[in-house]
Amino acid sequence: MRAPAPAYAANDGVIDSAGAALGAALLSSLDAVGEVALTVDRESLVATMTTLRDTPGLEYQQLMEIAGVDYPEREDRFEVVYCLLSLTRNHRIRVHVRTDEEKPVPSVTGIWPVAGWLEREVYDMYGVLFEGNPDLRRILTDYGFRGHPQRKDFPLSGFVELRYSEEAKRVVYEPVKLAQDFRTFDFTSPWEGAEYVLPGDEKAALPEAKGAPTPLKADEIVKADAAKSEAKAPPPAPKATETPAQTGAGKAEPDATPKPADPDVVKAPRKSRAKPAASGDAPVAKPRAPRKPKADT
């Protein structure tokens, strides 16, 4: 495989061609991270999409996806994003439209019928209205669902929960009852200075105040296994005896005592032997016993 992802045509000249074709309908453009994004006027969305589909050099024939984005701080808090694909040019582009809870976005189901389901998803999750959609109903949430789950101000728990009731023999809706509140996540590693204590961690450092951050960073803390291995003494050298000096043969033990005599063993007296003369020395004459004088006859 020569590339980790499908290769698409370059973005060179795409913004200039779109600007020349759309004119005043193009509000802004952006070429970032290899993708081209065009922000267009909401009222002229259908004419803009038709131009992007039919203009030579653009020719974006397929609508691949419609997504929603919520920016609560903006006056027009919602953005509807259309992802288009050009089959003849092998190129992708994004078209952005801004709106709020009341102003409807023109439906593009007359250009791409597949937009019917995609617009229903954006309506269900964000509450964006699409003018001209023949069947604008919820598609992902349950019947009777209140609110739009993907809005930033929608609670994580929702408003109601459902369960199967054995008494009523049907599914019933009840107000949400949580055994505990949702935890607050700050996306900070608890080992690198988090300002909270996880449940159970307060037992690990009783002398320290709860929530006190550790003064050490993760890369400065030595693991317990590594510390134990460093503190261990090196293993003794394997025993290999080759000479009497290493074995200690012939040396008296520190607490050695004379061996007790065995009464059943009678030692024979040792015979003295003359020491042989060393080579080169004169022989030593043995002394003779004095001769007795003979008696006169």
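So, burial to start with: of the 297 residues in this protein, 23% count as buried. Keep in mind that this is a predicted model. As for contacts, take the pairs at least 6 apart in sequence: 46% of those join residues at least 24 apart.

Okay, secondary structure. The protein has five helices and nine strands. If you read along the sequence, you get α-β-β-α-β-β-β-β-α-β-β-β-α-α.

Now the sheet I'd like to walk you through. Five strands make an open sheet, and the order is β1-β2-β5-β4-β3, with mixed pairing. At the edges sit β1, residues 26–32, and β3, residues 62–70, each pairing on one side only. On average, neighbouring strands here are turned by 20° against each other, ignoring direction. A quick reminder on pairing: strands of a sheet pair through backbone hydrogen bonds, either parallel or antiparallel.

Which way do β2 and β5 run, parallel or antiparallel? They're parallel, and three bridges join them. Around there, Leu38 stands opposite Val95 in β5.

Then the helices that go with those strands. Helix α1, residues 14–22, lies across β1, β2 and β5, and it runs at about 170° to β1. Helix α2, residues 45–54, packs on the sheet too, touching β2, β4 and β5. The direction of α2 makes about 20° with that of β4.

The largest share, four residues, comes from β5. By class, the lining of this second largest pocket splits into eight nonpolar, three polar and three charged residues.

Strand β8, residues 160–165, and strand β9, residues 170–175, run antiparallel, with six bridges joining them. One of the pairs there is Ser165 with its bridge partner Arg170 in β9. The hairpin has four residues between the strands, and Lys169 takes a positive phi near 60°.

Key
Residues numbered from 1 in each chain as written. Predicted model: local features only at pLDDT ≥ 70, side-chain atom pairs only at ≥ 80, totals over all residues. Heavy atoms only, no water. Helix = DSSP H or I, 4+ residues; strand = E, 2+ residues; numbered from the N terminus. Nonpolar A, V, L, I, M, F, W, Y, C, P; charged D, E, K, R; others polar. Pairing = 2+ DSSP bridges. Axes fitted to C-alpha atoms, helices over the stretch in contact; angles between N-to-C directions. Contact = heavy atoms within 4.5 Å. Buried < 20%, exposed > 50% of the residue type's maximum accessible area, 1.4 Å probe, protein only.
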